[in-house]
Amino acid sequence: MIRFEDIVDAVLAYNESADIDLIKKAYVYSAKVHSGQLRDSGEPYLSHPLAVAHLLTKLNMDETSIAAGLLHDTIEDTCSTPEEIKDLFGEEVLFLVDGLTKIGRIKFSSQEEQQAENYRKMILALSKDIRVIIIKLVDRLHNMRTIDILPPPRKKRIAQETLNLYVPIAERLGISWIKHELEEIAAQTIYKREYLKVKDKLSLTKEEREAYINKVIAIVEEKLKGFGKPVKIEGRPKSFYSIHNKMLSQNISLDELYDLNGIRIICDTEGDCYSLLGIIHSIWTPVHGKIKDYIALPKANMYQSLHTTVIGPEGHHVEFQFRTDQMHLIAEYGIAAHWKYKEFVESKRSGMVDQAEEQFEWIRHMLEYQHEIKDPKEFLESMRLELYSDEVHVFTPKGEVKQLPKGSTALDFAYSIHTDIGHHCVGGRVDGRMVPLKYELQDGNVVDIITSSSHKPNQDLLKIVKTSRAKSKIRSFLKEEQRESGVLLGREIVAKSIRDLRLKVDDYVKDSKLLPVAQGAGFSTTENLLLAIGRGKFSVQNIISKIVPAEILEKIREGNKWSVRELIKKVTSKKEERVGVEGIKIKGLDGVLVRVAKCCRPVPGDRIVGLISRGRGIIVHSANCQNIVDVAYEPDQIIGVEWDLPKDSVYQVIVLIKVVNRPGILGMVTNAIALKGFNISDVRLDTKSSKDAYMEISIDVPDSTKLPEIVTAIKSIKGVKSAVRINKHSLSNQKEPQGDGD
């Protein structure tokens, strides 16, 4: 068990002026409130916060973080209160402890929802103070080190969560030693059988592999005698997790995996890294495509190193990494490397602060869209792309480097430059060649975006983009546009109701009249009220009854008995200018929810009418549909609509045909349809009767005006008794034709 003195010694080793009194006070308090508590292992619970605090010293964290590490479970697992922590240890310590407490407190209805919410809380904590997550990572690391005492189901669940959430967070923060240990323990727990198999095989060849690596190092040392600068060479064994992943990704056995070990060379300068790469390539042949320059193009987590794989002695692959001392520090400690420097000035001089600012950019981006994505599945997909994906480095025409997740498209690149460029992007040039928006970018591409001021995003673009930033920006645009359309529709619905009463719209549809009504109904603004009306969530009659005096309404209603059929005739005969919405025009409106009625299933060419349905937007019916007569109870529910479709569109109609049951009749009917130039998409038969048979034939037509010539051609065939259009397939329970006429 870690002793308090071990923590103090470790802190003073890197910070002689540390506030040890604060750390001691936190230790005494933690010991007091956790007194009598035991871990699952039977150890005193205090052993856990002590271990967390000691791990934090490995990252050279400040005394506030060490104190928070000692106190991190007090609010959640003891009778301590936030007020007490604040009074004893101050606002900053409370902030860290409270942040850690909130990450693990909420209960959820599903595992997926819980995982998504854990991501959200992690991102929020990251954005407020990076130390919260660093403490949480070492907290999880110590829990993973002692995971074997837990029952198997709980152990596996925690290991999977660690692999899914904490490992990629550690990777993103660049703290590789925590990342590697977490994934190694988690993988051993989840893939225990595979781990033991690999471990047994590796143990048989351990001496052989060590001898091989020593042989390679000896060759390199001999070659570098004339280099003239100090270097450090060390063997780098691959972890089980990386071996396991490589075997899966390449579909190979352990016997076929040659580069089980690598070599790392640490030197003084960037120039030395490139010089050493050249020397290694002069000894052994490099493997094509295996040179990666993360010095010129660092990873998003600030990682820098030069990688190459060569064909070494005996034909085995050997990976080399070249990095400076500072690069090695950042590779191991990532964002926490700031605390590895005793003075902030030294960190500033080294350029690490500027690098950290760049790294925080991904946190800011994640914070932007995490509020907008409510669906847990979609949110998890976005987070996995941001946290797990490999990266591609692409360039603007001016040579600026952009890092994007692998699989990102030209449109993702446009949004990475600026939101407006993404909104107006219509295409791009990659390496001088025109490409579509969905083109997946590759490392080294030079991308030039083509824009048009008249272009704006649509729903289909969400299928093209991969990055959460781009999806978030497109959704925000569409949401705002839909809101504006909904408000316009609501205003028009109110105005139409006023016009139907033969009153002046300007006298009633104005803020001075509508705002009191909106506030009385619980809406903060007139716009919100109109939006609710436009979306069918609030009845317009509730508005009319409040802005028009009761005596005027009563007088109008007495002399204004209305006919649904007359109103339908009126709105379908109007030829007013309407704006296209999903193939249907609605007077003066765009972006509203439009649905085709299932009862009559109108197709282009049919006379149609819109029914404003509360909570469902506008339902489009055939003008002669009986259902619209049955359900319309207010004149303002009926609205004029008409078709607005591309010329080459085709739609399916179903014709029910009654024929004499004799050989060859089906072929005659289908041939007659084909001779007219129409495609048959489905045929259903009922030949149970010996005398008559029924056919239901689905025909693709540009509009319903073509239907009469098809029906006429069918009826001209000898043996056809009747042919009518129907609204849906009904065989085998349909006995007599029931349609809506020829």
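Mentor: Let us begin with a residue pair. Gly428 stands opposite Val435 in β10. This model is predicted.

Trainee: Which strand is joined to β10, and how many bridges join them?

Mentor: Strand β9, residues 425-430, is joined to β10 by three bridges, and the two run antiparallel. They belong to an open sheet of three strands in the order β10-β9-β11, with antiparallel pairing. At its edges are β10 (433-435) and β11 (447-451), each of which pairs on one side only. From one strand to the next, the twist averages 30°.

Trainee: Which helix lies across β9, β10 and β11?

Mentor: That is helix α20, residues 410-417, which runs at about 85° to β11.

Trainee: Which strands are joined to β6 by six bridges?

Mentor: Strand β2 (residues 261-267) is joined to β6 by six bridges and runs parallel to it. Strand β5 (residues 306-311) is also joined to β6 by six bridges, but that pair runs antiparallel. As for residue partners, Arg264 is bridged to Gln321 in β6, while Thr308 stands opposite Phe320 in β6. The hairpin of β5 and β6 has five residues between the strands, and there Glu314 takes a positive phi near 65°.

Trainee: Is strand β6 mostly covered or mostly uncovered?

Mentor: Strand β6 (residues 317-324) is mostly covered, with seven of its eight residues buried. Buried here means under 20% relative accessible area.

Trainee: How does one read a helix?

Mentor: The general idea is that an α-helix has 3.6 residues a turn, so residues three or four places apart point the same way. A check on length follows. Helix α9 (residues 130-145) has 16 residues, which at 1.5 Å a residue should span 22 Å; its end C-alpha atoms lie 23 Å apart, which agrees.

Trainee: Why is α9 described as largely enclosed by the rest of the structure?

Mentor: The description holds because 14 of the 16 residues of α9 are buried.

Conventions. Residues are numbered from 1 along each chain as its sequence is written. This is a predicted model: local features need pLDDT of at least 70, side-chain atom pairs count only at pLDDT 80 or more; totals for chains, interfaces and linings use all residues. Side-chain values use heavy atoms; hydrogens and water are left out. Helices (H or I, at least four residues) and strands (E, at least two) are DSSP runs, numbered from the N terminus. The expected span of a helix is 1.5 Å times one less than its number of residues. Buried means under 20% relative accessible area, exposed over 50%, partly exposed in between (1.4 Å probe, protein chains only). Two strands pair if DSSP finds at least two bridges between them. Axes are lines fitted to C-alpha atoms, for helices over the stretch in contact, and angles run from 0 to 180 degrees between N-to-C directions. Contact means heavy atoms within 4.5 Å.
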